[in-house]
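Please read this briefing alongside the sequence and the coordinates.

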Amino acid sequence: MLCFRLPRFYRCTWESPVNIHEYQAKELLAKFGVPVPAGYAAMSVEEAVEVSKKLPGPLYVVKAQIHAGGRGKGKFKELPEGSKGGVRLARTEDEVRHAATEMLGNTLVTIQTGEAGKQVNRLYVTDGVDIAKEFYLAVLVNRASGRISFVASTEGGMDIETVAHDTPEKIHSIDVDPATGFQPHHGRAVAGALQLNGDLAKQAANVAAKLYDAFLGTDAEQIEINPLAVTDDGKLMVLDAKVGFDGNAMFRHKDLAELRDETEEDAAELEASKYDLAYIKLDGDIGCMVNGAGLAMATMDIIKLNGMFPANFLDVGGGASKEKVTAAFKIILADPAVKGILVNIFGGIMKCDIIAEGIVAAAKEVNLSVPLVVRLEGTNVDKGKEILSTSGLAIVPANDLGDAAQKIVAEVKKVA
Ligand code: ADP
Ligand code: MG
């Protein structure tokens with residue numbers, strides 16, 4: 001809780017992970033010496049055809065670039081039933097053109113995108129390889145063991161959640177102690193988990209070492225290779241890569257931060273980050289506006305305790321200005337699921353009367369259409385409450401956290 005006591009010196013916010021496209025991930029991994037097939041990004045059909053000419057052929061793969069997996073088995077909304085998905089093999093210029101035309105601008109729905117799908121604005125044209133076997137290999141932060149871990153499975157190319165559910169014994173986790181860093185035995189353990197021998201085992205150990213370097217060197221949160229393929233001529237190749245970086249470390253990786261594709265990010269979370277608001281969309285009905293991450297968590301808990309679910313996590317931070325409060329209200333209300341809002345603010349450095357003025361102004365500006373319960377506590381709390389009660393707005397005041405949660409749940413049920 002040090003951050004709450006020393007707000008000037010210690011910022012208590014955190015950033016969401018930064019994800020990048022497959023083609024960007026592969027370019028990055030190649031720099032660390034990870035074997036990937038040659039390939040080029042393309043933003044138009046013509047560019048896709050042009051870049052395919054730089055590849056040796058005879059097999060090309062045209063891949064939709066969206067921040068979601070399951071593209072191969074995905075479906076395009078605009079194309080008739082039975083059409084191919086977002087990963088297509090092509091053998092001629094015409095086939096590359098056809099695949100690119102069918103994908104660009106259309107909406108791809110996969111098991112990871114949800115029903116809305118994602119519009120494909122970029123393609124990746126890459127060398128087609130002859131696959132003998134597909135594996136799964138990931139490096140991630142294992143929160144249970146407090147280590148960086150490799151997750152390896154012989155069951156590659158398919159949805160790893162399904163493997164984990166149906167055959168958990170086929171998933172192996174190998175922790176790396178930060179005191180030793182990556183050692184040759186970690187590489188052998190990864191190769192063993194993939195049941196590889198001889199030269200392929202050496203290649204697997206080498207890939208693991210390079211992935212570990214890439215993971216540390218980029219402050220990654222996750223590098224997921226699915227599939228890691230053995231080709232017909234006995235080479236290990238990364239055919240798909242999903243990379244996410246720790247958002248909090250982006251300040252020291254300006255080059256990586258530039259790889260962000262904002263069209264892929266959640267619109268509300270992106271808007272929130274512009275105002276330095278820590279916002280995460282959740283599935284419930286009660287919008288929450290709170291200052292301080294700990295108080296925000298407690299507020300979400302107490303909403304659940306009263307039988308409803310929070311629609312979001314939102315920490316407006318220590319210095320909640322009128323502009324910030326207004327932006328926060330707009331972001332919460334833009335979510336059609338929100339049936340009521342609970343504001344829970346502790347006025348420490350910020351005074352309660354200033355916060356109350358901000359809430360009233362913001363509520364008027366956005367034409368608040370759902371019940372609003374406000375719990376204020378701290379400096380100038382009486383003045384703050386008076387501002388709320390004389391505002392002419394239907395704001396329900398609350399005295400403490402339990403009272404606030406009960407009131408917002410009751411108000412929402414009254415309307416329903
Ligand atoms: P997603 O996981 O989003 O479906 P992948 O890149 O994993 O996309 O592609 C799906 C499947 O397509 C892979 O499991 C692999 O069998 C095949 N594939 C992908 N890239 C290539 C490639 N360069 N050459 C040959 N086959 C490929
Ligand atoms: Mg894949």
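**Briefing on the predicted model**

The protein has 14 helices and 20 strands, where helices (H or I, at least four residues) and strands (E, at least two) are DSSP runs numbered from the N terminus. This is a predicted model, in which local features need pLDDT of at least 70 and side-chain atom pairs count only at pLDDT 80 or more, while totals for chains, interfaces and linings use all residues. Residues are numbered from 1 along each chain as its sequence is written, chains are lettered from A and ligands numbered from 1 in the order in which they are written, and side-chain values use heavy atoms, with hydrogens and water left out.

**Overall layout**

- Taken along the principal axes, the C-alpha atoms of the protein fill a box of roughly 75 × 55 × 40 Å.
- Of the 416 residues of the protein, 48% count as buried, a term that stands for under 20% relative accessible area, with exposed meaning over 50% and partly exposed in between (1.4 Å probe, protein chains only).
- The domain assignment, which is automatic or taken from a database, gives domain 1 (16–22 + 29–34 + 130–257), domain 2 (38–127) and domain 3 (266–415).
- The centres of domain 1 and domain 3, taken over C-alpha atoms, are separated by 41 Å.

**Surroundings of ligand 1**

- There are 18 residues around ligand 1, of which Lys63, Arg71, Gly72, Asp127 and Glu134 come nearest; a residue is near a molecule if one of its heavy atoms lies within 4 Å of it.
- An N or O atom in the side chain of arginine 71 is 2.7 Å from an oxygen atom of ligand 1, a backbone N or O atom of glycine 72 lies 2.8 Å from an oxygen atom of ligand 1, and a polar backbone atom of glycine 70 is 3.1 Å from an oxygen atom of ligand 1.
- On its own, ligand 1 has 540 Å² of accessible area, and the protein covers 84% of it, with areas computed by the Shrake-Rupley method with a 1.4 Å probe.
- Two or more residues of the shell around ligand 1 come from each of the elements β3 (60–64), β8 (123–127), β9 (131–142) and β12.
- Domain 1 and domain 2 each give at least three residues to the shell around ligand 1.

- The magnesium ion (ligand 2) is coordinated by Asn226 (O) and Asp240 (OD), at 2.2 Å; donors are N, O and S atoms within 2.8 Å of the metal (3.2 Å for Na, K and Ca), and water is not among the atoms, so sites may look incomplete.
- Asparagine 226 lies in strand β12 (residues 220–231) and aspartate 240 in the loop between β13 (236–238) and β14 (241–245), so the pair ties together parts that are 14 residues apart in sequence.
- Asparagine 226 is buried, at a relative accessible area of 16%.
- Isoleucine 225 is also found in strand β12 and counts as buried at 0% relative accessibility.
- Between isoleucine 225 and leucine 239 the C-alpha to C-alpha distance is 7.5 Å, although the two are 14 residues apart in sequence.

**Two further buried positions**

- Lysine 26 lies in helix α2 (residues 22–31) and counts as buried at 2% relative accessibility.
- The side chains of lysine 26 and glutamate 22 are joined by a polar contact of 2.7 Å, that is, a pair of N or O atoms within 3.5 Å; within protein, one must be able to donate a hydrogen and the other to accept it, and residues adjacent in sequence count only if both atoms are side-chain atoms.
- Asparagine 106 is placed in the loop between α4 (93–103) and β6 (107–109), and counts as buried at 14% relative accessibility.
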